[in-house]
Amino acid sequence: MTYLEALIQHSVALIIAVPLLSAFLMPLVSRVHPILRNIFALLMLTVTGCFIGLLTTDVLANGPRIYIFGAKELTLPLVRILFEVDGINVFMAIITIILAIIAVIYSWSFLDKQDGLDKYYTLLLLVVTSALGMEMTGDVFNFFVFLEISCIASCALIAFWIAEGEALEAAFKYIVISSVGALFVLFAVGIFYAQYNALNIATIAQAIQFSFLDKIALILLVVVLGMKAGLAPMHMWLPDAYGRAPPSVTLVIMSATLASFYGVLRILFTLYGNILPTSIRFDLPLNVVLGWILIVLAVVSILIGVIMALIQSDLMRLIGYAAVAEVGYMFLAIGTTIAALGAPYATVALHGGILHVLNDALDIGLLFLVAGAIYYVTKKRSLDDIGGLARTMKFTTVFFIIGLLAVAGMPPLNGFTSKFLIYESVYQLNPILSIIALLCSILMLAIFIKVLYATFFGPELPELKDVKEAPKSMLLAMGIVAGLAIFIGLFPNLFLDSLVKPAADALLNHTQYITTIVGGI
Amino acid sequence: MIQYIPFIAVVCMIFIGLYAAMFRRNLIKIVIGITIIESGVNLFLITLGYREGGVAPIYTSLPSGTVYPEQMVLPVPQALTLTSIVIGVAVLALMLSLVMHIYKKYETLDVQEMRRLKE
Amino acid sequence: MLSELILRIILGTLSVAAFGVFFGLLYKGIDRKLSAHMQGRIGPPIRQPFRDVAKLFEKENIIPDHAIPWVFNFIPLVGLVATISILLYLPLGGFPPLFSSGADLIVVLYLLIIPSLALVIGGFSSGSPYAIVGAQREMATMIAYEFPLAILIITIAWNLLQKGVTSAFSFSTIASMPVWNQVTGPLGFIGFAILLVVLMLVTPAELSKIPFDSPEAETEIAGGLLVEYSGRNLAMFYLIDGVKTVVMASIVVTLFFPYNLSAFLGLGSYEAMIIDIVFYLFKIFLVILFSVTLIRVAIARLKIDQIVYTYWIPLTLASLIGLILVMWDGVIMNIFSFT
Amino acid sequence: MFTLESGSGFWNPLIWILIIFIAFLLFYGIRGFGKSLYKKGTEQTKAFLSGNKEAAPEEMHVKASNLYWGFTVSMSSLYSRLRKMHTGNVSDYLLWFIIVLAILFLVIGVI
């Protein structure tokens, strides 16, 4: 075994281990020097990113990869902790690590005057670890553990600006919602263990029967993870948390949110993949019922997100509602995929939905970064108190315009590519869905044009006369995201063919995931 | 019938906890409600691990005459429960510290008053 | 191959830009002349729009104090360029589109937003209260008419899809399979007729013509969006207006009347080309006559809430009825054939 | 290869960018023929207000919450209902979660 092969083989574990260990090394490192602390965080995340890159090339070339903790081979009974990584896992891991690196670059100057930054970086790395863990684990209980880690660490991070009562309130709401949700996940895990004596996703997926208990587990998992992903009408925690956390934190919390979305995908497509086509009653197959439930919730999310965003005056909260709408688009796509399982357009919808995960992370992330930059220079949250910033903050304005066009899905930016795939597939299931999606994306444009005017245009306000452009590291972070947004917009096929299609295949071809483990015993 | 009693207790505990979290106005009571849910789920896991006539999976102290390893209980539910309890303690501590800070800022523990973030 | 494509793009863009600008201004002149005659005036000569543009280029290009200069100057160009780019994807003059596999109906729907968006951003960036009121109204109008427009576009594509077409959103597919030939019964025909009327009513709002011109209402908000624009920047918006008229009319023609005379008459190559172009220009003229000139002469300006109401309630309902009729079209016929 | 295909349509961003680039060059050139001068700092550059006196910058700036006033007012019944739904009370957040759970339970579990 060559050195590189060994590295690839162990990269699965290292992706979790590196950020986890560096999280706990962080208090020590930050004793030395604050700049060393920043460099250390950035370096460790970059190392993790390199491992993810290595793993991605390997997984895309050679198919799923398993990593068993504490053993060389799989043995019965299958109660070991094991990670299984296929196309969708590496796709989500890439998104997580991109968001994390950008958040660290951004916090370099964004939080330079705050104290408690050693704990901040520790928690940030812990959220990244937990999101990566949720995205790579092959074990339902492990999934629960990482879910709880992400919930605790994110909650502490949301309360980072502890001087504001609202931050505490948002954090408390977040932890109540998340811990109750996580306990229900644990209950579902218990149900699986009671029936199949296994905690392994592949083993359960192979044996799953769709008894009454399985139905309960399915409902619990889908609703809890949907809530954690921000699906309406359980979305209320999301604008609170996103609106009150520091924007660099919002980025990593968003990666945890997207990891929950991944959880929904894994549960629907893999865990219940075998029994999706079985009919439950009245000759209605489960996939149609489930798909339409998701579609209805998704349409509600899109509508509520857009309509509520229109009346917000707090910029970050407004973007939070826009994030709810974007999550709605993703669920619309996967709902269509499930409802029309097997049809050619279902695959297109899934491609659109998965690509939209990446685009949503970048677009909403970019908007949050811009909102943070505005907050950094003006110290004002409300849109009513700011105006005329385009004179002094040229770059930020340009980045905001890019983010605005991307999130509203205007060509040629990245938001358009995924929404394009979604529109042109969901109309085949029902024309109304495409119409609502189209209309809401134009409403989104109207909302952010309002923000553009209110913050950047208009006469120069006397109290904001001496604001300066945001610091360089924040501009760099925004620039990276904006550049990625434009790049994906111009070369969508590059991403679609190399990352999204393997991810979609991994979801649709669930037997491969199962046989990789079950066949290996 | 007797073997269902733990499960009934589990359901009762979860519903009591949910009731407390949803309809009690005091933040501390909401936290207590969540811990009750957690205990219910832990009880559920532990109940799953019970095997009629099983022995504890400790090699050195096996009772004489045990059929090895069929009679031995798989210790997974216990491991899960321990993990869950540890996590639960962390969550509980975090929630209580948040409640403390919220009381400092809002000067109330009424959840109805903790509504600065709405709409 | 690549150089050929680039050459095609360059030549195509230049020629289509010339075409769009020339005919846009020409139809504007015709429109003004006709509406003047309808109102019992003599009206300006047909070449007046060309003179207007030339004159605007000689005027001072004032940038007001409260404006954001770089946005203010840049945005009219963006709007014009985006409008021109739409023409390359539409079948013009009876020919297939220049880049038939470059963009489809959904993309064009989005590209059509860009000129309006340019107007809005330009208005907002000029810092005048009148312009801000106008920009808000333009945005509200845009939201209002996108709803029926989206229903219409999705309906046309959905109907083609039911006929087993793979590229239902492609302009070349739509042009080669006119909607009227795809209906199986009277229901579908009525549905598409309703949708045609809706599209004809969306067109004046898309072009902000009376009665849907409250964003620029000269009499109440002094030109609204464009109040601070002057000189060459205003000339760009003037050109956007002209080119967008051709674009919208071409879209109406492509979606509903993609017929050519040459195949019908069985003519040879050169005559066919000429007669198709003439026929196409005539169709565009008819569309402009009905959905711009006649409406703007006959009806007074609506208030902004009336515009939103008009599009969101009656026209959306009408287009939904159209959608339902089209969806039922085949089904009803099947029921009859079964009995 | 660079065309995004959905089975129902297609979108090639690169061709569009090239078109935009060329058209931009063309019209930027044409625009260059226009006059670019104006009299800075004179009455010309003041905002046109039909002869009214110009207000202070804070009053000239339309606030964000007033911006789509007409839209929010015309949909006020919807908004009042949505405002009522977003109570900001964490117990209600949990309640919504339980409601969705119950609905799904009814749809999938019981029926």
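These legends accompany close-up views of a predicted model.

**View 1. Chain C, a chain built from helices.** Let's begin with chain C, whose secondary structure amounts to 13 helices and zero strands. Following the sequence, the pattern reads α-α-α-α-α-α-α-α-α-α-α-α-α. The radius of gyration of chain C is 21 Å, close to the 20 Å that the globule rule gives for 339 residues, so chain C is as compact as a globular protein of that length. Along the principal axes, the C-alpha atoms of chain C fill a box of roughly 75 × 50 × 45 Å. Of the 339 residues in chain C, 57% are buried. If you trace contacts within chain C between residues at least 6 apart in sequence, 79% of them join residues at least 24 apart.

View 2. Starting at the N terminus, their order is β-β-α-α-α-α-α. Buried residues account for 28% of the 111 residues of chain D.

**View 3. Where chain D meets chain C.** Five pairs of chains are in contact, and the pair sharing the most contacts is C and D. In this view, 39 residues of chain D are in contact with 54 residues of chain C. On the chain D side, β2 (10-11), α1 (13-32) and α3 (69-74) each supply at least two of the residues that touch chain C. By class, the chain D residues touching chain C comprise 24 nonpolar, 12 polar and three charged.

**View 4. Chain B beside chain D, and apart from chain C.** The contact between chains B and D takes 10 residues from each of the two chains. On the chain B side, six of these residues are nonpolar, one is polar and three are charged. Look for chain C from here and you will find that chain B does not touch it; the nearest C-alpha atoms of chains B and C are 23 Å apart.

**View 5. The two domains of chain A and the contact between them.** Chain A is assigned domain 1 (1-274) and domain 2 (276-490). The C-alpha centres of these two domains of chain A lie 23 Å apart. At their contact, 33 residues of domain 1 of chain A face 38 residues of domain 2 of chain A. On the domain 1 side, two or more residues come from each of α3 (87-110), α8 (212-229), α9 (237-244) and α10 (247-271) of chain A. That side of domain 1 of chain A has 25 nonpolar and eight polar residues, with no charged residues.

**View 6. Inside the largest nonpolar core.** This core holds 424 residues, and Ile158(A) and Leu332(A) touch the most other members. Helix α13 (residues 344-378) of chain A provides the largest share of the core, 22 residues. Both domain 1 (1-274) and domain 2 (276-490) of chain A take part, each giving at least three residues to the core.

**View 7. A closer look around Ile158(A).** Leaving out residues up to four places away in sequence, Ile158(A) touches Ala167(A), Ala170(A), Ala171(A) and Tyr174(A), along with Ala241(A), Arg244(A), Ala245(A) and Val249(A). While you are here, recall that Ile158(A), together with Leu332(A), touches the most other members of the largest nonpolar core.

Methods. Residues are numbered from 1 along each chain as its sequence is written. Chains are lettered from A and ligands numbered from 1 in the order in which they are written. This is a predicted model: local features need pLDDT of at least 70, side-chain atom pairs count only at pLDDT 80 or more; totals for chains, interfaces and linings use all residues. Two residues are in contact if their C-beta atoms, placed from the backbone, lie within 7 Å. Helices (H or I, at least four residues) and strands (E, at least two) are DSSP runs, numbered from the N terminus. Ala, Val, Leu, Ile, Met, Phe, Trp, Tyr, Cys and Pro count as nonpolar, Asp, Glu, Lys and Arg as charged, and the others, Gly among them, as polar. A nonpolar core is a set of buried Ala, Val, Leu, Ile, Met, Phe, Trp, Tyr and Cys residues joined through C-beta atoms within 7 Å. A residue is buried if 20 or more other C-beta atoms lie within 10 Å of its own, exposed if 12 or fewer, and partly exposed in between; C-beta atoms are placed from the backbone. Domain bounds come from an automatic or database domain assignment. The radius of gyration is taken over C-alpha atoms; the globule rule is 2.2 Å times the number of residues to the power 0.38.
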